[in-house]
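I opened this notebook to keep track of what I looked up, one topic at a time. The entries below are meant for someone who has not seen this structure before.

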Amino acid sequence: MTEQTLPRTPEEPAAPAEAAGPFAAPAEPPRKPLRERRVLRAVARWSLAVVVAGGLGAGTAAFVTSQERTDLPGLATTSDGRWDFPRQELPALPADAPRPDHSGNAAGIHHADLRDLLVTAPGSAEPDPKLTGDWTPTSAYLAEYAKGDRRELGNKLHAFALRHAASRAWTMPDGTEARVHLLRFPSSGLTDLYRDEGLDFGSTTGASLAHAEETWIDKQWTSRGVPETASVYSYEEQAPYGDDGVQTRVAYIVAGDTLGMVVHEKKGGAARVPFHQTVVLQTQLLG
């Protein structure tokens, strides 16, 4: 696979939390605060989250552990609707830099360039001209959420010292829209705090998505192919899919200092197999 040719510039900090401000919607009817809407989920939150994180993220895989540049298979097959992903390339680490799961790397730091850890789009995809795999402002990530939740999530990103974000998006010939966001925090502990206090996982995701008010645990998700160093929280919008008939699937990946978000959307239903394929490939790049 041809190596990524994005220009290399010093890592740029994410836009400050104030960038979330323009997403406020003064013309909309007032909504209950995000924290208030989470109260009913509080009892089930940890028991369900532990099941999802433990059960879904505990799988093991025969996986590359060396620091040399190498390839990951695209998990390609034509028999079950999987996409034609190219082989994914693991970036080389700087000399003497430990992997996130190394005993000498207690903070779970990814020393590779964050942009090189983004999953590469399938060969038949049409790339998004705005989300090209380069650095992105926090507003690109926050746009995934309902307008009433963006400001508070932006404040959480600021509170937990988000360092920077990178995103890639594409559209498939069948109309499926895919978006992947990677958020890097200063340590795995701060990533966990954003997961717990910002996204607030439970039987449903705490923050409402822009195109799906409620998403529920994807009960058919399995951890096959997911490294032990990553936890996956996979959700799906259940039918009916709203006025536009577009189904949203979303998965969050927690791996050391980085949180990943994978979104697939398609009118009439987003296929499960390529969604799981995208998520597994992204976890392997972060694992």
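**Entry 1, the whole chain.** I noted before anything else that this is a predicted model, and I read every value below with that in mind. I looked up the secondary structure of the protein chain and found six helices and nine strands. The chain has 287 residues, of which 52% count as buried. For the accessible surface I wrote down about 13,000 Å², with 55% of that belonging to carbon and sulfur atoms. I then turned to contacts with a separation of 6 or more, and found that residues 24 or more positions apart account for 70% of them.

How many of the eight residues of strand β5 are buried? I found that seven of them are, so described because buried means under 20% relative accessible area; the strand covers residues 177–184. On one pairing, strand β4 (residues 164–171) runs antiparallel to β5 and is joined to it by eight bridges, and within this pairing I picked out S167, whose bridge partner in β5 is H181. I also looked at the connection between these two strands, which form a hairpin with five residues between them; in the turn, G175 has a positive phi of about 95°. β5 also pairs with strand β9 (residues 258–267), again in the antiparallel sense and over eight bridges, and here I noted that L182 has G260 of β9 as its bridge partner.

I next looked up strand β7, residues 231–236, and found it mostly covered, with five of its six residues buried. Strand β6 (residues 216–217) is joined to β7 by two bridges, and the two run antiparallel; in this pairing W216 stands opposite E236. Between β7 and strand β8 (residues 246–255) I found six bridges, also with the strands antiparallel, and there S234 stands opposite A251 of β8.

**Entry 4, aromatic rings.** The count of aromatic pairs came to four. One of them is F85 with W170, an edge-to-face pair at 6.2 Å centre to centre and with 85° between the planes. Why does this pair tie together parts that are 85 residues apart in sequence? I found that F85 lies in the loop between β1 (70–72) and β2 (88–90) while W170 lies in strand β4, so the pair links those two parts. F85 is buried, with a relative accessible area of 6%, and W170 is buried too, with a value of 2%. I also wrote down that F85 and W170 belong, together with W83, to one aromatic cluster.

Another aromatic pair is formed by Y141 and Y145, edge-to-face, at 5.3 Å centre to centre and with 75° between the planes; both tyrosines are buried. From Y145 I followed the backbone oxygen, which lies 2.7 Å from a polar atom of the side chain of R150. Where is R150 placed, and is this residue buried or exposed? I found R150 in helix α4, residues 147–159, and buried, with a relative accessible area of 8%.

Definitions and conventions: Residues numbered from 1 in each chain as written. Predicted model: local features only at pLDDT ≥ 70, side-chain atom pairs only at ≥ 80, totals over all residues. Heavy atoms only, no water. Buried < 20%, exposed > 50% of the residue type's maximum accessible area, 1.4 Å probe, protein only. Helix = DSSP H or I, 4+ residues; strand = E, 2+ residues; numbered from the N terminus. Pairing = 2+ DSSP bridges. Phe/Tyr/Trp six-rings, centres within 6.5 Å; stacked < 30°, edge-to-face > 60°. Polar contact = N/O pair within 3.5 Å; in protein donor to acceptor, adjacent residues only side chain to side chain. Contact = heavy atoms within 4.5 Å. Areas by Shrake-Rupley, 256 points an atom, 1.4 Å probe, with all protein chains shown as cover.
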